[in-house]
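Hello,

Here is the structure you were going to look at. My notes follow below it.

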Amino acid sequence: MKSSPDAASAAATTAEGATDPDLPAGQELPFPVRRVDTASLKALAHPLRVQILEMLSRYGAQTACSLGELLNESSGSTSYHLRQLAKHDFVREVEGKGTARERWWERPRGAIQITSPELATSPATEEASRLVTREFEHSRQAVLADFMAHGSESLHAEWLHAALISTANARLTADQLARYTGALEAFGHRLLEDIRNEGEQEGARPVQIHLNAFPILGVPASAGSRGRSSRNQQPASPERNVP
């Protein structure tokens, strides 16, 4: 496992570019971004619905049965929550796949922006945003902790060598931080070095940047492979998982 105390790396995406008005003028994000409104945020604000989105992001299209197995829930429960998510376009049926009794669901490509100044004006929506982001964060922490605790005993050396747990420190203004995070997938370490070369900026403060890339433990390798049709072997998702 590579561990860099002061470096960042870039990751590729297959999604189409999108312009984020919160970024500096002219800067494009390398993936589409959906900004949730009050109604869709409230529909998402349920722990199991966030977990369903996470499973679809990790392992690709699933049925209610396969999601139930991944999440230790009944297929009736996952089917209900899938339908609620579909009403707000968080998930969609996979065209040309499955039957009337076994429907396949996928998460559309792109990022979901959970927080915004508009949503923060209401205590109810602010709490819903916290619930969703907290659930996503718990999921990220759990898989990282599992990898750190058991990766060396569960994975071949080539996987440990390919994994990256990275932390970078820099003093940035808010504008510099937005430039870096918005272009991370495209520019990574190169952009951070460019910002550092600008020298110390007035108003800068310590900022910590983490980058982790590692195999997920506890599921068969075939869980994300393409061309599988049984409920225990699902095709991979083409999307980027960005809550």
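At 7% relative accessibility, H81 counts as buried. Buried here means under 20% relative accessible area, exposed means over 50%, and partly exposed is in between (1.4 Å probe, protein chains only). H81 lies in helix α4. Helices (H or I, at least four residues) and strands (E, at least two) are DSSP runs, numbered from the N terminus.

Two notes on the source. This is a predicted model, in which local features need pLDDT of at least 70, side-chain atom pairs count only at pLDDT 80 or more, and totals for chains, interfaces and linings use all residues. Residues are numbered from 1 along each chain as its sequence is written, and side-chain values use heavy atoms, with hydrogens and water left out.

Which residues does H81 touch, not counting residues up to four places away in sequence? They are H46, L48, R49 and I52. Contact means heavy atoms within 4.5 Å.

I52 leads on to the core. The largest nonpolar core has 24 residues, and L44 and I52 have the most contacts inside it. A nonpolar core is a set of buried Ala, Val, Leu, Ile, Met, Phe, Trp, Tyr and Cys residues joined through side-chain atoms within 4.5 Å. At least two residues of this core come from each of α1 (38-44), α2 (47-59), α3 (64-71), α4 (75-87) and α5 (123-154). α2 gives the most, with 7 residues. Leaving out residues up to four places away in sequence, I52 touches L67, L71, T78, H81, L82 and L85. A second, separate core has 6 residues, among them L155, L160, A163 and L217.

**Whole protein**

The secondary structure comes to 8 helices and 10 strands. Of the 243 residues, 40% count as buried. Take the contacts between residues at least 6 apart in sequence: 68% of them join residues at least 24 apart. The protein exposes about 13400 Å², and carbon and sulfur atoms supply 51% of that area. Accessible areas come from the Shrake-Rupley method with a 1.4 Å probe; for residues, only the protein chains shown count as cover.

V132 is in helix α5. V132 is buried, with a relative accessible area of 0%. Beyond its neighbours within four places in sequence, V132 is in contact with L41, L44, A45, V50 and I114. V132 and R49 are 83 residues apart in sequence, and their C-alpha atoms are 9.1 Å apart in space.

D146 also lies in α5. D146 is partly exposed, at a relative accessible area of 28%. Not counting residues up to four places away in sequence, D146 touches G151 and L217. D146 and G218 are 72 residues apart along the chain, with 8.7 Å between their C-alpha atoms.

The buried residues of α3 are A64, S66, L67, G68 and L71. They pack against α2, β5 (62-63), α4 and β7.

Just after α3 comes N72, with a positive phi of about 60°. N72 is not a glycine. N72 sits in the loop between α3 and α4. N72 is exposed, with a relative accessible area of 71%.

D89 also has a positive phi, near 65°, and is a residue other than glycine. D89 is found in the loop between α4 and β6 (92-98). At 56% relative accessibility, D89 counts as exposed.

**A pocket**

How much space lies in the second largest pocket? About 180 Å³. On a 1 Å grid over the protein atoms alone, a cavity is a set of points where a 1.4 Å probe fits but cannot get out, and a pocket is an open set with protein on both sides within 12 Å along at least five of seven lines; lining residues have an atom within 4 Å of a point. Grid points are joined across faces, edges and corners, and a volume is the space filled by probe spheres set on the points.

The lining residues of this pocket include T63, C65, S79, L82, R101, E102 and W105. α3, α4 and β7 (103-106) each supply at least two lining residues. The largest share, 3 residues, comes from α4. By class, the lining has 5 nonpolar, 3 polar and 3 charged residues. Ala, Val, Leu, Ile, Met, Phe, Trp, Tyr, Cys and Pro count as nonpolar, Asp, Glu, Lys and Arg as charged, and the others, Gly among them, as polar.

Best wishes
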